[in-house]
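Work through the exercises below with the sequence and the model at hand. Each task is followed by a stepwise solution.

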2 protein chains.
Amino acid sequence: MSFLHLKSSKKLQNLAKSAPNLSELSLLTPERIEKMAIESLSWKMMYATECVSLEIENALVELAEETFALKKMASMQAMEVMNYVNNCESENRSVGHTALRALTTPKGASKPLLQAIQASQKEMEKLVRFLPKVEKFTSMIVVGIGGSYLGTKAVSEALEAYKTSKRQLYFASNIDPDKIYTILEKVDLAKTLVVIVSKSGGTLEIAAQEEVLRKRYQERNLDVKHHFVMITGEKSPMDTPSEFLETFYLWDYVGGRYSVSSMVGAVPISFLLGLPLWKEFLRGLHDMDLHALEEKNPKKNLPLWGALLGIWNRNFLERSTFAIVPYSQGMHAWTEHLQQLFMESNGKSVAQSDGSFVNWQTSPVLWGTVGTEGQHSYYQAIHQGTQVIPVEFIGFRKAQVSKDEDISGTTNQEKLLANLFAQSLALAKGQHVSNNNRFFSGSRANHILFADHLDAYTLGNLLAYHEHYVAFQGFIWGINSFDQEGVQLGKRLANDFLEVMKGSSHAVKDESLVKAFLSVLKKKQKK
Amino acid sequence: MSFLHLKSSKKLQNLAKSAPNLSELSLLTPERIEKMAIESLSWKMMYATECVSLEIENALVELAEETFALKKMASMQAMEVMNYVNNCESENRSVGHTALRALTTPKGASKPLLQAIQASQKEMEKLVRFLPKVEKFTSMIVVGIGGSYLGTKAVSEALEAYKTSKRQLYFASNIDPDKIYTILEKVDLAKTLVVIVSKSGGTLEIAAQEEVLRKRYQERNLDVKHHFVMITGEKSPMDTPSEFLETFYLWDYVGGRYSVSSMVGAVPISFLLGLPLWKEFLRGLHDMDLHALEEKNPKKNLPLWGALLGIWNRNFLERSTFAIVPYSQGMHAWTEHLQQLFMESNGKSVAQSDGSFVNWQTSPVLWGTVGTEGQHSYYQAIHQGTQVIPVEFIGFRKAQVSKDEDISGTTNQEKLLANLFAQSLALAKGQHVSNNNRFFSGSRANHILFADHLDAYTLGNLLAYHEHYVAFQGFIWGINSFDQEGVQLGKRLANDFLEVMKGSSHAVKDESLVKAFLSVLKKKQKK
């Protein structure tokens, strides 16, 4: 059934016509603030500053029930086929990223789940044997794009404060030659490992980067076989273990954007930060997986509740974007990873149930940078712009570093937190004054997520929170969050441009258009 | 008059009802692609892939005329008072960032303009004397937030390929203590300059960071006076030249987000990359200033034409976001600077002419990362999501580095360009197939900006393009792009939180709400 025709959806459409206005004096009370807070594991969410009432909350709970959100989460985690679109040729397979961190085998596990857990444990054992062998290396270059690096980058940088070695991690993530040559200037190849990530083993950009690196090693008379590590699908064209120091496997049931808990994240992060930290991170992920699965009350299920509040803002209050702002410098790459997670998963227009085009909105544009930096940048528009931008603030009670000092009566970490809370309150409450230029409408939806401390376990909790937030939204919207057909057309056309650039005789579908673009490109500027 | 009641605006509202659909076979032709390209200075814009017809283009030209966009640009550059809102107390002053790079004094220059040019030249002379004095330093820490660092970071990183020294630049841009302690681990204070940027001389975060650094220098028995450089307003509380190695000045007619061409950018960038490069950058800015001022045909005035296409997408096709994607790794910080430039300038709701609330949309949410990285991330949503996201692609014919190699018949730079053009074409043309999951609607607006090579002059051109793009949009929307009242409420409330945290007896307006937030913060998690 269409999302818009659900009973709860109709209720919500009505309720949206008179959504609570938080700038009204009587509404945003201390009681509301203290009451509207839920917690799970290491995280707490304060959502008194979302534009919801008890009636709206109840209708959101109904929406989760009507769309079988929790049931679908159970199917996903049991590795039933969830990556499909009816009436369309599609990938048609199960989704298995939660199996990567299943620390124990659940009772009554399905056969595919059992197999996935065993396969994952086998790679983990390989990693345990691999790490001692590479102790002499000081740098690692990860060659990967999109999901093969965004998550690893976000997690490794957020936890870099726990680094005990001098090791460095570099990401050759862009085909832009300026990127790889900058890295090559910084590393000593003799002490550098190269990790190549390509599930299909056939990505053009990856092959090109590998080739550049291979040449450099050969020029220095270094044996690639002692330096290159491969992460790929079993039986892919790059599954040629004899050519590599080690080959780790990925499976088609782990999408790139969900792959950080596979060897894609494990190899670089355990190299940089050690295996105990990596295991702690997995434990954090796994605990949130279980919470998402087992907490049957949507108002207490953190990722499900976050997803529902997001849908309220997206579909009923018609907010087209969503800003996520961590008040933590270490998390500056987090939102970039989430952009892929949210927008590649749910930037879709086709109903899973019958392959028809949806007539409701799906993923908002996900964006944001770290606080307090954003405050001195785009917050002007968040407070006084013509469109309302819902915000998720993320913060920590304590700083990552142990050092901090008292300046005019408060520490820097306290100043950071004061800013975070102040923004949440300012957006909700507004400021109604007679000078219109200093008028703040208020009632701008936001919520706060916070934890004690940014460590591996807490970050694992958070990553799984965001992964399941996205999965729940996909379940509720009735779309397939696990494929990415939208990237194919650009790939095909890029190859067409390359064929024409090379002057090849290969037939190209839109040859006259391609040539017109290239003719403008080639014309010399007047100046 | 209201933007919506302009004659041209009404025309455009009508035209939007039957906007051209670029996925129709007959529309996107080689002729259209070759014809719809304009150039100025080092840049070319291809806009055949925007959803416009000749009739729409003509109405956009009328819109520029009806709103006196070019006349307002002239007023701004002549330093008439343009930062004001009628009927509201406001900053009420002129806007002078173009004076900072006026290499010669224009004929018939107004008195404020003459004074601003002279003041700027005086600082430039100071810089010329200063640089030889700091030759022995190898690192610089810039303490600044928002406009005091985003532009400097974007420009210095984009041009870092031209660095000839081993010097390093660090930005202490966040109050988060994790940030500054990470920097302190990397530098040798004896060889490090600290540049403090604070126009008002009273920003809490800056003072706190300065204090931390001051202590570290004192602990090492280093004289702060030989290491600290101040950039501030004349007569600000921090205008105490005897305490600093050098003090450079800023003026109230240069807003933070427009300050990169002042000493805020000049001191760090010329320290890192040399004075000749800095001068070349200024020349690039100045030439684009003159182009924006003197090209009276809106269809040939690059920033004005960009602004008009943006307004077509924003106000008439109702696109709420705008993605800017440079296909150049060096420009990875560019969009973050533009977020401030766009959203702090035009995230406004008040009409400049009478202080009333506007009933039309202003700044879109500006976001994006570099290509090709984005292709493997959020492009799914750009191609197949339910909302259309206009895109500005930025690219270069040649790579910054001279090295590049041929792999399967094309260089990496060619592969990068092929990808950029392919995306533009894919978005416009779409792919109408029977499998809905592989269906691309097409007609998704975008344009391409490209130049030969990312160097100082070209980047100067581009920065001024974006600055004037924003100014023209503000002029056309009839809002004040030069103040930022929207950041004040959060600042005030942050101080309230700090007072309560300290347990001070200072009266706090929303004390019960502040205390409720803090009480939730303090409660221990169950787990």
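Buried area is the accessible area (1.4 Å probe) that two parts lose on being put together, summed over both. The model is predicted: local features need pLDDT of at least 70, side-chain atom pairs count only at pLDDT 80 or more, and totals for chains, interfaces and linings use all residues. Residues are numbered from 1 along each chain as its sequence is written, chains are lettered from A and ligands numbered from 1 in the order in which they are written, and side-chain values use heavy atoms, without hydrogens and water.

**Exercise 1.** Describe the interface of chain A and chain B by area and by residues.

Step 1. The two chains bury about 13,000 Å² between them, and carbon and sulfur atoms give 58% of this area. Of the area that chain A buries against chain B, 6% is supplied by His376(A), Phe517(A) and Gln525(A), more than any other three residues.

Step 2. With contact taken as heavy atoms within 4.5 Å, 149 residues of chain A touch 149 residues of chain B.

**Exercise 2.** How many salt bridges are there between chain A and chain B?

Step 1. A salt bridge requires a side-chain nitrogen of Lys or Arg within 4 Å of a carboxyl oxygen of Asp or Glu.

Step 2. By this rule the count is six. Among the salt bridges is that of Glu89(B) with Arg438(A), where the closest N and O atoms are 3.8 Å apart.

**Exercise 3.** Give the strand order of the open five-stranded sheet in chain B and place its helices.

Step 1. Strands (E, at least two residues) and helices (H or I, at least four) are DSSP runs, numbered from the N terminus; two strands pair if DSSP finds at least two bridges between them.

Step 2. The order is 6-5-7-8-9, with parallel pairing.

Step 3. Five bridges link strand 7 (192–198) and strand 8 (228–233) of chain B in the parallel sense; Val197(B) has Ile231(B) as its bridge partner in strand 8.

Step 4. Angles run from 0 to 180 degrees between N-to-C directions, with axes fitted to C-alpha atoms, for helices over the stretch in contact. Helix 7 (177–186) of chain B lies across strand 5 (139–143) and strand 6, at about 160° to strand 6. Helix 8 (204–219) of chain B lies across strands 5, 6, 7 and 8, at about 160° to strand 7.
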